Amino acid sequence: MGHPVAELLNASKRYGHVQALQDVSLTIDAGEVVAMLGPNGAGKTTSISLMLGIRKPTSGAAQLFGLNPRDLRARSRIGVMLQESGVPGMLTVEEIVDLFCSYYPAPLPVSEAIAMAGLQEKAKTLIKDLSGGQRQRLYLALAVCGNPDVLFLDEPTVGMDIEGRRRFLEEIGELAARGRTVILTTHYLEEADQLARRIIVIDRGRIIADATPAAIKGRVAGKRVTFSSAQPLSENQLAGLPLNSQDIADLRVRLLTNEPETVLRELFRRGVDIHDLEVSGADLEEAFVAMTQHGAVT
Amino acid sequence: MSAVAGRTATAPIVPMLIKQSYAEFIKLFRVPAFSVTSIVLPSMFYAFIGLGQAKQRLAPGLNVTFGEYFLASMALYGVANVMVLGFGISLANERGQKQDLLMQSTPLPAPVFFVAKALSALAIALMSLVVLSLLATFAGGVDLAASQWATLFGRAMLCSIPFIGLGFALGYIASPNSAPAVTNLIYLPTAFASGLFFPLRLLPSFLQHLAPYLPLYRGAQLVWDSVGAPTEGGSVSSDWFYMAAYTVAFFVLALWAYRRDQGRKFN
């Protein structure tokens with residue numbers, strides 16, 4: 001613990017006219033498990049790309065282990081799962097893991113890397129014949145085979161089924177427990193909650209929150225309360241309720257609140273005629289909108 | 001930092017190069033569309049065009065048979081074909097599948113990647129030469145001295161080197177969809193225009209004037225010379241000079257195309 005492994009220093013990134021990242025500074029220390037959370041297009045992948053040296057910042061700087069991220073000494077200590085990267089289809093799982101092991105100074109045994117990804121039965125299979133979920137697990141094998149100090153996982157569970165996702169998260173949790181630094185991006189709040197001890201929320205190229213999962217959830221989570229009312233709802237029927245947002249379309253009412261029990265108790269007490277009541281977890285994308293509208297602070 | 005003080009900072013290059021070269025080789029070899037056409041096609045052309053008249057003398061008074069002459073032609077055609085199509089199409093495909101993104105995130109040095117690709121293609125080129133030579137020897141009655149075989153193999157392989165540069169360049173310029181068409185459109189006509197399939201005198205006169213400036217024409221003189229067939233277009237040393245110039249030009253073009261592609265994706 002302690003020394004920084006990945007840093008962004010006032011980093012900005014522009015693609016043509018699109019400002020993907022705006023003056024972002026962050027430091028990730030050895031041993032941390034960090035989730036970068038945000039809606040699509042928020043700048044998560046760009047942040048990771050800068051830290052990995054796959055992209056260069058338009059201004060500011062990125063460092064890995066205090067080195068230029070393109071330095072092979074830095075790259076030799078990390079493992080990476082990238083969204084959308086391709087793999088050669090005409091190699092077998094075993095062949096490519098063996099090949100990738102040769103890139104690193106102190107790799108895991110090939111069979112161990114394959115076992116960690118749960119691909120033992122597919123070791124002799126050509127990559128082109130793997131399913132989407134198996135391919136995703138292969139990316140995990142390639143990321144861990146170099147026995148890296150730091151793992152970068154960009155949307156790692158996309159394309160996995162529920163069972164695959166559960167196993168995968170367990171595996172990552174174990175790696176983290178053994179002292180690896182893990183930096184992952186996701187747009188699933190549960191995933192971030194389950195793995196990370198620190199969540200960085202990115203929206204429109206800026207960090208809008210950087211805190212523990214509990215603190216973030218308190219700010220963005222809440223419950224979505226949806227119901228139909230018999231008569232149109234008047235403004236003062238909702239007055240004074242602990243609501244994060246409210247949306248009334250004809251007789252359909254949608255509320256976002258951190259205290260659904262209080263809100264419902266009060267609505268019943270005020271004699272509101274409620275049908276088709278639903279209480280659900282807040283959708284993260286909606287929560288982000290609410291968060292940015294409410295001017296959440298870093 | 002102290003936790004990793006005991007281990008070297010990066011992996012050793014030689015084992016990496018050996019594994020990478022092997023992987024590149026089996027990647028190419030397992031694609032029948034590439035390996036079969038690369039290894040079999042020159043021999044097939046040899047069987048169709050060369051075998052029927054293999055034992056005839058190339059010209060009255062010459063101690064070279066058509067079989068020997070056409071062996072040299074197809075040897076050059078085959079090795080250059082591997083380089084242009086092998087690199088052009090496979091590199092364009094790999095870019096299309098974003099395999100370059102995966103490689104970019106590993107500590108594999110770019111030069112190791114390129115040398116491994118070149119070595120794997122040279123191995124397949126050598127295989128096409130061996131198959132062709134066996135066919136020419138046993139079906140075409142070609143009987144070269146050991147030194148002639150060595151010169152033919154050596155020159156054919158050396159002449160493939162500029163085409164490695166051309167293949168790289170095309171692989172970074174062409175899109176995955178256009179690569180097969182573009183490489184064939186460039187390679188096949190120049191093979192014809194360089195006299196590899198038909199004597200130049202049968203071609204239109206503007207092509208006869210253009211031919212001496214084509215790299216395959218210069219390579220053809222070198223391989224024909226190695227089996228004792230007459231050459232044209234000046235001395236063998238001027239042919240070497242042209243090949244060297246083409247090597248430099250194609251590799252500069254490849255480097256430019258590579259940097260342009262990297263700049264777009266990884267800047």
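These legends describe close-up views of a predicted model.

**View 1. Two domains are assigned in chain A.** Domain 1 covers residues 4-218 and domain 2 covers residues 222-281. Taken over C-alpha atoms, the centres of domain 1 and domain 2 of chain A are 40 Å apart.

**View 2. An open sheet of chain A has three strands.** The order is β2-β1-β4, with antiparallel pairing. Strands β2 (18-29) and β4 (59-64) of chain A are at the edges and each has a single partner strand, so one side of each has no neighbour in the sheet. From one strand to the next, the twist averages 20°. Strand β1 (residues 4-15) of chain A is joined to β4(A) by five bridges, and L9(A) lies opposite A61(A) of β4(A). Helix α1 (residues 44-52) of chain A packs on this sheet and touches β1, β2 and β4 of chain A. The direction of helix α1 makes about 120° with that of β1(A).

**View 3. Strands β5 and β6 of chain A run parallel.** Four bridges join β5(A) to β6 (residues 150-154) of chain A. M81(A) is opposite L153(A) in β6(A). Along β5 (residues 78-81), I78(A) and V80(A) point one way, G79(A) and M81(A) point the other way, and all are buried.

**View 4. The largest nonpolar core has 77 residues.** Among the residues with the most contacts inside this core are A35(A), V97(A) and F152(A). Helix α5 (residues 132-144) of chain A gives the most to the core, with seven residues. Not counting residues up to four places away in sequence, F152(A) touches I48(A), L52(A), I78(A), V80(A) and I183(A). Another core, of 67 residues, lies apart from the largest one and includes V82(B), L135(B), Y187(B) and Y242(B).

Key
Residues numbered from 1 in each chain as written. Chains lettered and ligands numbered in written order. Predicted model: local features only at pLDDT ≥ 70, side-chain atom pairs only at ≥ 80, totals over all residues. Domains from an automatic or database assignment. Buried ≥ 20, exposed ≤ 12 C-beta atoms within 10 Å, placed from the backbone. Helix = DSSP H or I, 4+ residues; strand = E, 2+ residues; numbered from the N terminus. Pairing = 2+ DSSP bridges. Core = buried A, V, L, I, M, F, W, Y, C linked by C-beta atoms within 7 Å. Contact = placed C-beta atoms within 7 Å. Axes fitted to C-alpha atoms, helices over the stretch in contact; angles between N-to-C directions.
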